[in-house]
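Visitor: I would like to learn how to read the pockets of a protein model, and then the elements around them. Could we begin with the general idea and go on to the case at hand?

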Amino acid sequence: MLTRKFVICLFYSDDDSYKKQDCCGCAACVQVCPKQCIEMRADNEGFFYPKVCTVNCTNCDLCEKVCPVINKNESRVPVNTVAAINTDENVRMKSSSGGVFSLLAKIVIEQDGVVFGVRFDNEWNVIHDYIDKEEDLDHFCGSKYVQSHIGNAFSQVRSYLQAGRMVLFSGTPCQVAGLYKYLRKDYGNLVTVDFVCHGVPSQKVWQSYLNCELKMKQGQTGEGEFKSFKKISFRNKTNGWKKYNIELIFSDSQRYMQYFAENPYMIGFINNLYLRPSCYHCAFRSFRSHSNFTLADFWGVENIHPEIDDDKGVSVLFVNDNNAYVEKLLNRISYKKVSFDDVVLGNRSIVSSYDCPQYRHLFFKKLSLGFDFNLSILKPNLFDRVMMKIERTFQNKC
């Protein structure tokens, strides 16, 4: 069993018993520490792990008690599974699939509540933030295939809950599980929603991709300095929901849009090349986060319920318990009850993790050497394959 020693030793450890696959990066341990002697530090892959100042540590064990990996939840089966669509076409087109999250957020805001979600900052990093005005919801719309900087979001959630305000927290399953462990008590004014998570790349990988796109833009324009972005969308639906594009709009309004299956960043993401180590051994699948709601794309809906598929996006809404918001949400969406087994057929991430690719460490090695992020860095050449075979043979002999 993992212990507080794991938290202390994880960042700088030569002991193989402490695996980075055992840390999801939720930062619950950082935010709960009464002496503030834990901080998150990035490793060479750009993923953040806890680093402890043992001088100030009082051995209170709170970091161990709130770790969602040490204290794993039991798996659950949703009480209800529905195919869901937001009837507001504008919101739906801005969303990754059916636009259900925006409706849930709107319901909470109408009760003077606060909504926590993920947005881009000024440097196009992905961060957790909160809003309490409906006009700000656009910041949270759309998937962002990067692990967010959680910051002190958990402590902010607790402050609003203790002040009596309604709070909706959205995040990855590990982040929702981390929040619950951090709070250490039930709050009737808290609603949580996560999503079926493929896994998360690091901010370092994401920024490397953006820098490569900026270099290409510089070459096209012949200008001497990089131009910034004005808008980024991972799931532009101009060509439909199933054949979505990644869209980049530069500050001069020039638009770059590429089919996801041909985009370097999305190719690496879909093929699991640079996910966080813990994502290959995810401890939160099968609804172990214990969120109130879980959202997902209804992949395969055209084969199961073609009558509701217009290629604009259909969500799966998993209702995980009988909370007070179920009826309020169902009354404001177009929905159809569906079979849980049918949904799982099109989305294996619900119940299982992906295998770590053979060439993952080669990708990060190239990245650390300053290779530009493009298709060539994702594909090992003959030299790479030979060197990896020699390396594996040497390791086996040792």
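Guide: On a 1 Å grid over the protein atoms alone, a pocket is an open set of points where a 1.4 Å probe fits, with protein on both sides within 12 Å along at least five of seven lines, and lining residues have an atom within 4 Å of a point. Grid points are joined across faces, edges and corners, and a volume is the space filled by probe spheres set on the points. With that reading, the second largest pocket holds about 610 Å³ of space, and among the 24 residues lining this pocket, Asp-138, Cys-141, Lys-231, Ile-232 and Ser-233 are the closest to its centre.

Visitor: Before we go further, what kind of model is this, and how are its residues numbered?

Guide: This is a predicted model, in which local features need pLDDT of at least 70 and side-chain atom pairs count only at pLDDT 80 or more, while totals for chains, interfaces and linings use all residues. Residues are numbered from 1 along each chain as its sequence is written, and side-chain values use heavy atoms, with hydrogens and water left out.

Visitor: Which element gives the largest share of the lining of the second largest pocket?

Guide: Helices (H or I, at least four residues) and strands (E, at least two) are DSSP runs numbered from the N terminus. Strand S8 (229–236) supplies the largest share, 7 residues, and helix H4 (89–94) and strand S4 (114–120) each supply at least two. By residue class (Ala, Val, Leu, Ile, Met, Phe, Trp, Tyr, Cys and Pro nonpolar; Asp, Glu, Lys and Arg charged; the others, Gly among them, polar), this lining divides into 6 nonpolar, 8 polar and 10 charged residues.

Visitor: Is S8 mostly covered or mostly open, and which strand pairs with S8?

Guide: Buried means under 20% relative accessible area, exposed over 50% and partly exposed in between, with a 1.4 Å probe and protein chains only; by this rule 6 of the 8 residues of S8 are buried. Two strands pair if DSSP finds at least two bridges between them, and S8 pairs with strand S9 (residues 245–250) in the antiparallel sense over 5 bridges, with Asn-245 of S9 as the bridge partner of Asn-236.

Visitor: How should I read the largest pocket, and which residues lie nearest its centre?

Guide: The largest pocket contains about 1,100 Å³ of space, and of its 47 lining residues, Ser-96, Ser-143, Tyr-145, Phe-195 and Asp-297 lie nearest the centre.

Visitor: Why does Asp-297 count as buried, and what does its side chain touch?

Guide: Asp-297 counts as buried because its relative accessibility is 14%, and this residue lies in S11 (residues 293–297). A polar contact is a pair of N or O atoms within 3.5 Å; within protein, one must be able to donate a hydrogen and the other to accept it, and residues adjacent in sequence count only if both atoms are side-chain atoms. The side chain of Asp-297 makes such contacts with the side chains of Arg-235, at 2.9 Å, and Trp-241, at 3.2 Å.

Visitor: Why is H5 described as largely enclosed?

Guide: H5 is largely enclosed by the rest of the structure because 9 of its 10 residues are buried, among them Val-100, Phe-101 and Ile-109.
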